[in-house]
Amino acid sequence: YNAKMKLDDFEPEDLSKEIFAQRFSNINLTYEEFMKEFKKQIEKDSYIQEYFNNEILDKMPQIKKYDVSHILVCFDGAKLCTKNRTKVEAYNLAMDIRDLVLKSNTEENFSEIAANKSDGPSAANGGKLGEITKGIMVPDFEEAVFKLEENEISEITETDFGYHIIR
């Protein structure tokens, strides 16, 4: 039996004795022996898949994903910032924007405000960053995200990019 032989090249129900003889003439198995081995392998693969699903995968911790949107207010000296505002001006603006968001905390409202007020590239998408997991964003941003309940608005969060209002 040639362990390197690939069985993916055919469907077992389509394998007649004639096709077997043509395609696998280089192995030292009869058609019946081959089919018996093939069925054993399928049963083994099914058992392995079932074991993996029930004993390993189900017991692994699930990676939590967060669907995140934000509004960035940057200041002179922040990474990638093109605005000419002081850190104090940026903070005050971020507070005003956060107050505006809190007046009507809906996804649509947040998205509209982000599109009009955010300095970040995600403004074009209404502030949507999509799903994130631990290790994707800068630590201060992640820490703020992981503390939030669904649809909650963060406090002003500072990173190297500026001030963030996170939803």
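The side chains of Asp160 and Lys79 meet in a salt bridge, with N to O at 3.8 Å; a salt bridge here is a side-chain nitrogen of Lys or Arg within 4 Å of a carboxyl oxygen of Asp or Glu. This pair links distant parts of the chain, 81 residues apart: Asp160 in the loop between β3 and β4, and Lys79 in the loop between β1 and α3. The model is predicted, so local features need pLDDT of at least 70 and side-chain atom pairs count only at pLDDT 80 or more, while totals for chains, interfaces and linings use all residues. Residues are numbered from 1 along each chain as its sequence is written, and side-chain values use heavy atoms, with hydrogens and water left out.

**Salt bridges**

- The structure holds seven salt bridges.
- Asp160 is exposed at 51% relative accessible area, whereas Lys79 is partly exposed at 47% (buried is under 20%, exposed over 50%, partly exposed in between; 1.4 Å probe, protein chains only).
- Lys87 and Glu158 form a salt bridge at 2.8 Å, N to O; Lys87 belongs to helix α3 and Glu158 to strand β3, 71 residues apart. Helices (H or I, at least four residues) and strands (E, at least two) are DSSP runs, numbered from the N terminus.
- Glu107 pairs with Lys128 in a salt bridge, the closest N and O atoms being 2.7 Å apart. Glu107 lies in helix α4 and Lys128 in strand β2, so the pair ties together parts that are 21 residues apart in sequence.

**Nonpolar cores**

- The largest nonpolar core has 17 residues, and those with the most contacts inside it include Ile71, Phe110 and Ile165. Such a core is a set of buried Ala, Val, Leu, Ile, Met, Phe, Trp, Tyr and Cys residues joined through side-chain atoms within 4.5 Å.
- At least two residues of this core come from each of β1 (66–73), α3 (87–103), α4 (107–117) and β4 (162–166); α3 gives the largest share, four residues.
- A second, separate core of eight residues includes Ile132, Phe141, Leu148 and Ile166.

**Helix α5**

- In α5 (residues 139–147), the buried residues are Phe141, Glu142, Ala144 and Val145. They lie on the same side of α5 because they cover an arc of only 160 degrees around the axis, the arc being that of the directions from the helix axis to the C-beta atoms.
- On the other side of α5, Pro139 and Lys147 are exposed.
- The cover over the buried residues of α5 includes β1, β2 (128–132), β3 (157–159) and β4.

Note on methods: Contact means heavy atoms within 4.5 Å.
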